[in-house]
Amino acid sequence: MSMSDFASIDNISQNKVAGGWHKQYQHESNVLSCNMQFAIFLPPNASESNPVPVLYWLSGLTCNDQNFMQKAGAFKMAAELGIAIVAPDTSPRGEGVPDDENQSYDFGLGAGFYVNATQAPWNKHYQMYDYITQELPALIESHFPVSTKKSISGHSMGGHGALTIGLRNQDNYQSISAFSPICNPINCPWGEKALGLYLGENRTDWVNYDASELIKKGSQLPILVDQGESDDFLEGQLKPERLVNAAKNSEVDLTLRMQAGYDHSYFFIASFIDEHLAFHANYLK
């Protein structure tokens, strides 16, 4: 692919940080049929002669490309390790993109769940799986001094996205991590609502987007999961024990760390993000 194969990207903000640059861009997405926004952190050592690996970060419900960039405190360690970070939005947006009829936070805008919707009216725009796995990385690799080496991480709904996308595309990533992921969406309220509306009522179609089901097939990629013990959503929505139990009978390098006292917020992420970056650096080099 050449540069001309891609729509242009428009730089809408930039800030120097930790010796590198945080930049926001807009572009027209063919996959999502709308304009999209993403953020990228480029470490100081990134150059055409020294392309750096990329960590893709998928955010959770109600978030956009800025929550992680502004709250996680990841830049100093990413600069030190020489890792770029890309944070996409969490759903398609804009005029004509449908939303939950009650503007509920857990479906529609800000809640794409990183799936390819098959049901009308969602299927026209909500193709987040293809956006994250195909269109966005091709765009990043064509416009920035990055290599094709990449890992994936995320939080909550984005932790679900990181796990499912990583497990389904093991040749494309070096490692997977997640904070407070929705581990078994086919068996929790958030997941049942979103998968039912995006994919239809046939629950067999949901399994491809459930980490606890996918991990039964094994994983050649190392996986790190951090979960706060004081997370309000732990028992009702997240269910990390199901991921661990599902992995027991297959060869999987999975580490689940239960962290006492921590909740579901970015205070939790900021406390352990350096360790996740170091974990990924081991496999991205």
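1. Basis. The model is predicted, so local features need pLDDT of at least 70 and side-chain atom pairs count only at pLDDT 80 or more, while totals for chains, interfaces and linings use all residues. Residues are numbered from 1 along each chain as its sequence is written, and side-chain values use heavy atoms, with hydrogens and water left out.

2. Salt bridges. The whole structure holds 7 salt bridges (a side-chain nitrogen of Lys or Arg within 4 Å of a carboxyl oxygen of Asp or Glu). One of them joins Asp 89 and Arg 93, with the closest N and O atoms 2.6 Å apart. Asp 89 is buried at 5% relative accessibility, whereas Arg 93 is partly exposed at 29% (buried is under 20% relative accessible area, exposed over 50%, partly exposed in between, with a 1.4 Å probe and protein chains only).

3. Lys 193 and Asp 106. These side chains meet at 2.7 Å, N to O, in a salt bridge. The pair links distant parts of the chain, 87 residues apart: Lys 193 is in helix α5 (residues 189-199) and Asp 106 in the loop between β5 (84-88) and α3 (128-143). Helices (H or I, at least four residues) and strands (E, at least two) are DSSP runs, numbered from the N terminus. Asp 100 joins Asp 106 and Lys 193 in a network of salt bridges.

4. Arg 257 and Asp 226. Here the closest N and O atoms are 2.8 Å apart in a salt bridge. Since Arg 257 belongs to strand β9 and Asp 226 to strand β8, the pair ties together parts 31 residues apart in sequence. Asp 226 is buried at 0%; Arg 257 is partly exposed at 24%.

5. Cysteines. The count is 0 disulfides (a disulfide is a pair of cysteine sulfur atoms within 2.5 Å). For Cys 63, the closest cysteine sulfur is in Cys 188, 17 Å away and therefore too far for a bond. The sulfur of Cys 188 is 9.4 Å from that of Cys 183, its closest, which is also too far.

6. Helix α8. In this helix (residues 240-247), Pro 240, Leu 243, Ala 246 and Ala 247 are buried. Seen down the axis, these fall within an arc of 125°, so they line one face of the helix; the arc is that of the directions from the helix axis to the C-beta atoms. The elements they pack against include α4 and β9 (254-259).

7. Thr 164. This residue lies in helix α4 (residues 157-168) and is buried at 0%. Leaving aside neighbours within four places in sequence, Thr 164 is in contact (heavy atoms within 4.5 Å) with Tyr 209, Asp 210, Ala 211 and Leu 214.
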